Amino acid sequence: TESKGILFPQESETRERKSLDGIWQFRIAPRNDPELGFRNEWFKRPLQETGEVTLMPVPSSYNDITQSKEIRDHVGWAWYDREFWIPKQWMSQRKIYLRFGGVNYHAIVWVNGVQVAEHAGGHLPFVAELDAANLSAQRTNRLTVAINNTLNQNTIPQGSIFRPTATRYPPGYFTLNYNFDFFNYAGIHRPVYLYTTPTSYIDDITVSTNLQEDGTALVIYNIETVRASAALFHNDVNFGWIPTVNQDGLSIVVRLEDKSGNIVATGTHGIGYLSVPNATLWWPFSMVKKDEQAGYLYTMVVSLQNLAKLDVDVYRLKIGIRHLAWDNTTFTINGKPFYFRGFGRHEDFDVRGRGIDNVMIVKDHNLIKWTGANSYRTSHYPYSEEIMDLTDELGIVIIDEISAVSIDGFGQELLETHTKQMRELVQRDKNRASVVMWSIANEPQSQKTEAGPYFKNLFALVRELDKSRPVTIVVAQDYRTDKAAEYADIICINRYYAWYSDTGHTEVITASMIQDVHNWINKFHRPLIIAEYGADTVAGLHSSPQFVFTEEFQLEYLREHFKAFDALRANTTLIGEMIWNFADFMTGQGITRIVGNRKGIFTRERQPKASAHLLRSRYHFLANEI
Ligand code: GCB
């Protein structure tokens, strides 16, 4: 039986894990001979034997690490390799896997010269099972990864290669063009792990939670296992119901532990539910009093046991118990209306690009809490699992967005890519308490006729994958022309009054915004979130009276929006405001971007602009009111 789960690799009494993060060898393929590495089989020998290599940290984007413009702006294949050891005891009675948290965009992976994985999609994990026959415990093994950042009309996001024909260009000149507003960072962006499971193992866990009238919580679970003797019992996984004791003598035992390790419920089937009286709920940190615990997580201990009741495999999943509900006017968490006050963000930081590191993610979440925000959207792609662990733990509410930014075209092949990524995202994040909504796209060309059936399709798919969360789409179109938002449970709109239109005229903001939101709500009768509004602001630039790009302008721009939001909160189904952006971030080079997009309320170095203090006082004020 094949694995289908993508459970985060963890250590337990039955599992081991080794990090492969560190400094790897790196080289890019020559621009004029992109296939050279394949023709010369660079995966068959150490990369440094193929030519000049450079050192490259993993995880990281490769773009900003070296002093080479060629590497920063590279388009095409880039090659990485490193050596690793396999402990002797892993070589028998174990399954060995190699897992990448995220590689942008397309990756091919070889171990000791043999291809073991290929994956497309820049922000989602993938796993390869390694064949022990191709590994050695006596000498080092070699891991080679080739990655390609080229985008086309059927990748998500999209891009296109521009090859000018005019003679004024140097021979072979080309660029990758894309119309999303962030640098197309490339690299092995997230941790790389080697790990093991027993040969019979827990492959996937799906959990949803519910609250009954009497306050009893239900934890509904579905556990998929793969059995070593699967060839004989191939029905186990697909059958959906795994009897207490299977024909191979293995059984599933589930227990739910609270934070102190007390067992609060137990179960004995692969599918079932646990009822937890007086459960401590998972609350957003903004909704609990100081002495209560936000982001309360239980540990669901799943074990696969043999007839002697010994653990064959054990996996611990942290889960939050919370109840989401929504209708045409409200969105509630644990029965209480939730007003989103948050951010659009990026995984973006100096030097690292989109590579994640603990310094950046802890600092960012400290800043988020400092502002009094209660939520953010993972604009414009799924964020790393390490980040999502933090939002679960801290009680920060997440709108989980797929990489479909600014898409256009809406053909069948694009829909397939989009569908595949949505499946992978739901598979990865389905158990996360902090994820309260799926966002299936940001600012598609949704005024086009083809967008209607395309998104109708996708909304249906996501609802089929997960009925426990509402589904949204983030649109920039006008309420009269958009063809996608009508299928959403909750509508998100992005608006830039006095920035992209009527530039500088902050006096138009309040009235324009109020009228716009009324139009949407009167037409669609849905809860609505302003998912973006913002103005580029160069920290330290001042002007009185205010002028675009100055800190004074950003302050005034925010104040005018707050007036609109307060009016709308009082008498419409506006359920949230998210500023664009949390921090300044890097973009491609262009004349409207001054070394990146400056709409952050924090600089790229994470220092506050004046607007951060203003937003903070509003978010804290809202926190006290709600
Ligand atoms: C948007 C996009 C976002 C951009 C932003 C801007 O509508 O969703 O990716 O960065 O506008 O600053 O133009």
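This report describes the annotated domains, ligand surroundings, sheets, helices and backbone exceptions of one predicted model.

Residues are numbered from 1 along each chain as its sequence is written. Because the model is predicted, local features need pLDDT of at least 70 and side-chain atom pairs count only at pLDDT 80 or more, while totals for chains, interfaces and linings use all residues.

## Annotated domains

An unreviewed UniProt entry places the feature "domain: Glycosyl hydrolases family 2 sugar binding" at residues 18-198. UniProt positions are in the numbering used here, feature names are shortened, and annotations may be inferred rather than shown by experiment. The table sets out the computed content of each range; helices (H or I, at least four residues) and strands (E, at least two) are DSSP runs, numbered from the N terminus.

| Residues | Helix | Strand | Distance between end C-alpha atoms |
|---|---|---|---|
| 18-198 | 4% helix | 40% strand | 16 Å |
| 328-623 | 36% helix | 16% strand | 24 Å |

## Surroundings of the ligand

The ligand is surrounded by Asp-181, His-380, Asn-442, Glu-443, Ala-476, Asn-494, Glu-532, Trp-580, Asn-597 and Lys-599. A residue is near a molecule if its C-beta atom, placed from the backbone, lies within 6 Å of it. By class, the shell holds two nonpolar, four polar and four charged residues. In this division Ala, Val, Leu, Ile, Met, Phe, Trp, Tyr, Cys and Pro count as nonpolar, Asp, Glu, Lys and Arg as charged, and the others, Gly among them, as polar.

Trp-580 of this shell also takes part in a cis peptide bond with Asn-581, where omega is about 15 degrees. Asn-581 lies in the loop between β32 (574-580) and α10 (610-625).

## Strands and sheets

Strand β7 (residues 106-111) is mostly covered, with five of its six residues buried. A residue is buried if 20 or more other C-beta atoms lie within 10 Å of its own, exposed if 12 or fewer, and partly exposed in between, with C-beta atoms placed from the backbone. Six bridges join β7 to the antiparallel strand β8 (residues 114-120), and Ala-107 has His-119 as its bridge partner in β8. Two strands pair if DSSP finds at least two bridges between them. The hairpin of β7 and β8 has two residues between the strands, and Asn-112 there takes a positive phi near 50 degrees. Strand β7 is also joined by six bridges to β10 (residues 141-148), again antiparallel; in this pairing Val-111 stands opposite Leu-143.

Strands β15 and β16 (residues 217-226) are joined by 10 bridges, and Asn-210 has Leu-218 of β16 as its bridge partner.

Another open sheet of three strands has the order β22-β23-β24 and antiparallel pairing. Strands β22 (324-326) and β24 (336-337) stand at the edges with a single partner strand each, so one side of each is left without a neighbour in the sheet. Three bridges join β22 to β23 (residues 331-333), and the partner of Trp-326 in β23 is Phe-331.

Helix α9 (residues 551-571) has 21 residues and reaches 31 Å from its first C-alpha to its last, close to the 30 Å expected at 1.5 Å a residue. The expected span is 1.5 Å times one less than the number of residues. Among the buried residues of α9 are Phe-553, Leu-555, Tyr-557, Leu-558, Ala-564, Phe-565 and Leu-568, together with Glu-556, Glu-560 and His-561.

Phe-549, in the loop between β31 (528-532) and α9, has a positive phi near 80 degrees. Phe-549 counts as partly exposed because 16 other C-beta atoms lie within 10 Å.

Phe-410 occupies the loop between β27 (397-401) and α6, and its phi is near 60 degrees. With 21 C-beta neighbours inside 10 Å, Phe-410 counts as buried. Within helix α6 (residues 412-429) lies Arg-423, which is partly exposed with 14 C-beta neighbours inside 10 Å. Arg-423 and Val-462 are 39 residues apart in sequence and 7.9 Å apart in space, C-alpha to C-alpha.
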